[in-house]
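Let's take a walk through a protein model together, one piece at a time. Keep the structure open beside you and look up each part as we reach it.

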Amino acid sequence: YIVGFTGYFSAKARSLYINSALRNGGDGALEWHIVPRENPASDFPSDFELVHISQPSPNSLKTLEDHPYIKRVTPQRQVFRVLKYVPTPEPAAPWNTTRGKQKWQSWQSSRPFRRTSLSLGSGFWHATGRHSSRRLLRAIPRHVAQILQADVLWQMGHTGSGVKVAVFDTGLSEKHPHFKNVKERTNWTNEKTLDDGLGHGTFVAGVIASMRECQGFAPDSELHIFRVFTNNQVSYTSWFLDAFNYAILKKIDVLNLSIGGPDFMDHPFVDKVWELTANKVIMVSAIGNDGPLYGTLNNPADQMDVIGVGGIDFEDNIARFSSRGMTTWELPGGYGRVKPDIVTYGSGVRGSGMKEGCRSLSGTSVASPVVAGAVTLLASTVLNRELVNPASMKQALIASARRLPGVNMFEITHSCFSSLLPPSLSPSYIDLTECPYMWPYCSQPIYYGGMPTIVNVTILNGMGVTGRIVDKPIWQPYLPQNGDHIDVAVSYSPVLWPWAGYLAVSISVAKKAASWEGIAQGHVMVTVASPAENDSEVGGEMTSTVKLPIKVKIVPTPPRSKRVLWDQYHNLRYPPGYFPRDNLRMKNDPLDWNGDHIHTNFRDMYQHLRSMGYFVEVLGAPITCFDASQYGTLLMVDSEEEYFPEEITKLRRDIDNGLSLIVFSDWYNTSVMRKVKFYDENTRQWWMPDTGGANVPALNDLISVWGMAFSDGLYEGDFSLAEHDMYYASGCSIARFPEDGIVIAKNLKDQGLEVLKQETAVVEGVPILGLYQTPSDGGGRIVLYGDSNCIDDSHRQKDCFWMLDALLQYTSYSMTPPSLSHSHSRVAPPTGTEHPLPQRLEGNHLYRYSKVLEAHLGDPKPRPLPACPHLSWAKPQPLNETAPSNLWKHQKLLSVDLDKVALPNVRAYRPQVRPLSPGESGAWDIPGGIMPGRYNQEVGQTIPVFAFLGAMVVLSFFVVQLTKTKSKPKRRKPRIKRPTYLQQQQQQTTTGKTPTV
Amino acid sequence: MMVLRRLLRKRWVLGVVFGLSLIYFLTSTLKQEERTIRDRTLLEAKDSDHRIPWKVRFNLGNSSRQMTQCRNSIQGKTLLTDELGYVCDRKDLLINGCCNVNAPSTRQYICKSCLANGCCSIYEYCVSCCLQPDKQLLLERFLNRAAEGFQNLFTAVEDHFELCLAKCRTSSQSVQHENTYRNPQAKYCYGESPPELLPV
């Protein structure tokens, strides 16, 4: 039996308690003894004891439980089962031998199983998911360097010596006891100190190179501390530029940057990072703490030449805070790359405290130095340092992670750097049938007539800083595997610099497979050439060929009504411009920066539509570039872009011919837009939004021909529609609608008034939803809704996927949902003649970021319509051979670098995840001189208030100070100098306050 | 104590207290403002008293000597500059790191793409141009007047080549509003002045 106590007691006390409890029970015949526990922990107080009771009676157990210090008595067997499913570890508490032994045994048995399962190619995440709970207890009390088996290398004498590591962070104090080889500390901020006032930089440096207490990875590495972040967490791009230049000059080998921000269009910064890696600096950076939302990767970790690190907890689940999803640089025309490159422990990791001792922190900024430390240690093992470069290190990491994902990245060490690595691809194969690893590709099969599926593969070229692709990539379909049923087009970086390039593979179904169903396979062959540096012959080139296996699932083209087209082309986002949030309540997240793609922040909506049987495709080109007869519904959500006149004409024609349109708009109110301007500390500029949540004036141009328009009203509130709870988060209303349409109105709060004047008013009957059947024969249907928040994953409170279903039923099948057409909230369509329609904000700079507008004298004018993207399909070179199925069985194990994992159910226990709370671990991951630091919308009004308050505080402080300083001399002076001392004292004694000198 | 209290109640004492604190408040806020202004212009401020203890050795007239091993600019996409000021294609780089002087495209001290203000659009040409022997005066003048913000960098630089590599890189001087280049076309400068500010 395990006897649990109410607190921690020593072994002696525990035995005493049990003794007394059982004696008091009066059951003298009971035979029992305490099972001794032999482990290092037995010296420490514990909160439980193992008692062996032969033939226990229920009575005796009850008496045991009745003891005041005993919490519970449980049979040991039962405890084991409970623990298996619900481990609630207390890292500080010592653990039971029995428990430990059981764990250990089962853990050991699980280990070979996991290995074999990996080599068999079954999903790694399933394997760990099942056994993860076991490894936890073993892992927690140990340091992260030991968990990753750095001690193996330490014993071989590798401790990171000779490797220069730069830590770009908040600095480090001079005499920190944990570090023995701090080569240099430099300050790049405007604060005149080199010390760490926050503890973040110390922690990060500790994970890399601490030599005592909480051990880092490479204690002998040469540390270069760059202080680029102030104690107020301010940092500018320009500081980074100068500091990076210094790092290049100092020939730094590994650079850790636990800082990031969403502005991947900060060209000076991005260029500088390229320059840095081109100079052979291995850059390791944190991917960001903006998870679990998709499309939240931070720069510079999202760059191809940087090792981007995500976080997992000690159970091998992707940490909730870790940013994920594809990169969004490539939108709208292309498709994002796979990132982060590697995930490692980032939750509850122990590292150096600010002055001394250890502490635990969570965040991807913790995971990043884990990898940086590992990279440093790895680099120090390599004899020929010439072979270590950003690409080869990344290749090695990915390759090793493949074998024992995230756990033992050292298994490969030596073999990997024995010679130059051939280029490799990430992901190394394209298997569109494999779930969940290949999400989202695996979530929707491809078919003839669909938008080509684009897979953006990164080529890592360890042969040299520059490289090129020789000739053209060759597409070789496997005839026995129906490879000829697909067409492949490949576009790629003209120059692979620095160390990496992209290879975008567009896959489309051949016409002959229009009604075919099955699996098609083939591969793309790429030859990469790099100038040979060690070749005596001038102009020599090294070449190497890589194969990219492709496997796709083809289905017959679904009917038009099942096909939904998502308009990506008209979504604009931050960066580059200030596109404000769609929900004005979210003041701490002012920017619309997740990409608005079905695989980023509209992922849930996409998953829902897929589960309803719809096929969703993405339009990354103007409306003129798609065949409307193929699609049932065009979905335009939260569009910020303007429209080409040609697009407006084309859409009208398409809708006459049966295409339906669903528009989810958002707010647009010029007064509110002026109000949400803010002073951005990083760019030292006022930021004025260029649109509202959506570009309502542009949308009105698009839909005006049907007599529809949105208003510039701004509404917010809860309501219920068709027995569903709904929340309207900063949306507009419908200003005009044709009179034979269905319009639903609700009572909502006027948020515009609230934002502008801090007044609350409820507006009755705000038209928010409109359904309309166009009159022409076989014409499509149009649906307008004023708010996009209920289908957007970021800040969503209540989803309205049910409504989207109903609307799609209406648009695709012309089935008017009775819940809406017979709703009590149905009102007569507004004619909107009384209010003018919203106009574009005067002096907005949308043309700077728009693909449609260009600057012009006077108002910006639309550009000429760009040509539709044209793919040149690679000429197939069919191979009459069977797909080497084992090839990607091996490569399949590359699961770690992905977040595309259906997470095993998130458990209630979540170890110290503190995403982005200011002043805590996460907070550093925002700015990096990249994201606006402070979002103070009412700067103008608040400054005087603050000044006044400050003045008051200063004043009162000095009043207090002065009274104190005055009182002292006044008291003493008379005592010392004046003869009235006695009198004084006399007086004071009467008041009862005798001064004692 | 009573005396004190009485004293405190007197109007002039309160007045003095208030006055002092007001003065303190005003001066401190003003000082802070000054400080922030100074911080912001930290890099532009050219303090005439302060001089960077630079130790660059310009070895003149050695360009003709035979080098057995060259350093070069490493990073280039297609071009490289070696320490003798030769710019060449990557394929024309010899095994010792020097440019192949006999290759047809190799040029020494070439200022291609550089403007009159000393800013170039291609980094390798900036370095090559900066390595011209007659640029030494310009560089020395720059070092003597360089802002404090560059102290770390330019005190660590040891010779003409390193100086040119470092000087030509984009830096805090190259940006406007932090996230845009002052002049995206000519951003690599060997000269004293920052790139010319292009209107948005």
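A:Cys790 and A:Cys800 form a disulfide, with 2.0 Å between their sulfur atoms; the term is used here for a pair of cysteine sulfur atoms within 2.5 Å. If the word is new to you, a disulfide is a covalent bond between the sulfur atoms of two cysteines. The torsion about the S-S bond of A:Cys790 and A:Cys800 is about 60°, so this disulfide is right-handed. Both cysteines sit in the loop between β35 (781-785) and α19 (801-813) of chain A, 10 residues apart. Are they buried or exposed? A:Cys790 is buried, with a relative accessible area of 2%, and A:Cys800 is buried too, at 0%. Here buried means under 20% relative accessible area, exposed means over 50%, and partly exposed is in between (1.4 Å probe, protein chains only).

A quick word on where this comes from: this is a predicted model, in which local features need pLDDT of at least 70 and side-chain atom pairs count only at pLDDT 80 or more, while totals for chains, interfaces and linings use all residues. Residues are numbered from 1 along each chain as its sequence is written, chains are lettered from A and ligands numbered from 1 in the order in which they are written, and side-chain values use heavy atoms, with hydrogens and water left out.

Back to the cysteines. Over all chains, the count comes to 10 disulfides. One of them joins A:Cys625 to A:Cys868, with an S to S distance of 1.9 Å. The link of A:Cys625 and A:Cys868 is left-handed, with -90° about the S-S bond. A:Cys625 lies in the loop between β24 (615-619) and β25 (633-637) of chain A, and A:Cys868 in the loop between β38 (861-862) and α22 (885-891) of chain A, so the pair ties together parts that are 243 residues apart in sequence. A:Cys868 counts as partly exposed, at 38% relative accessibility.

Chain B has a disulfide to look at as well: B:Cys111 is joined to B:Cys129, S to S 1.9 Å. The torsion about its S-S bond is about 85°, so the link of B:Cys111 and B:Cys129 is right-handed. B:Cys111 is in the loop between β3 (107-108) and β4 (119-120) of chain B, and B:Cys129 is in helix α3 (residues 123-130) of chain B, 18 residues apart. B:Cys111 counts as partly exposed at 28% relative accessibility, whereas B:Cys129 is buried at 0%.

A:Cys732 is buried, at 0% relative accessibility.

Now find β24(A), a strand we have already passed. Helices (H or I, at least four residues) and strands (E, at least two) are DSSP runs, numbered from the N terminus. Five of the five residues of β24(A) are buried. In a regular strand the side chains alternate between the two faces of the sheet. For β24(A), one side has A:Phe615, A:Glu617 and A:Leu619 and the other has A:Val616 and A:Val618, and both faces are covered. Five bridges join β24(A) to β23(A), and the two run parallel; strands pair if DSSP finds at least two bridges between them. A:Val564 has A:Val616 of β24(A) as its bridge partner.

A:Gly613 follows α14(A) and has a positive phi, near 90°.

Last stop: the open sheet of seven strands in chain A, ordered β6-β7-β5-β8-β9-β10-β11, with parallel pairing. β6 (182-187) and β11 (342-345) of chain A stand at the edges with a single partner strand each, so one side of each is left without a neighbour in the sheet. β6(A) is joined by five bridges to β7 (residues 222-227) of chain A, and the two run parallel. Within that pairing, A:Glu184 has A:His224 of β7(A) as its bridge partner.
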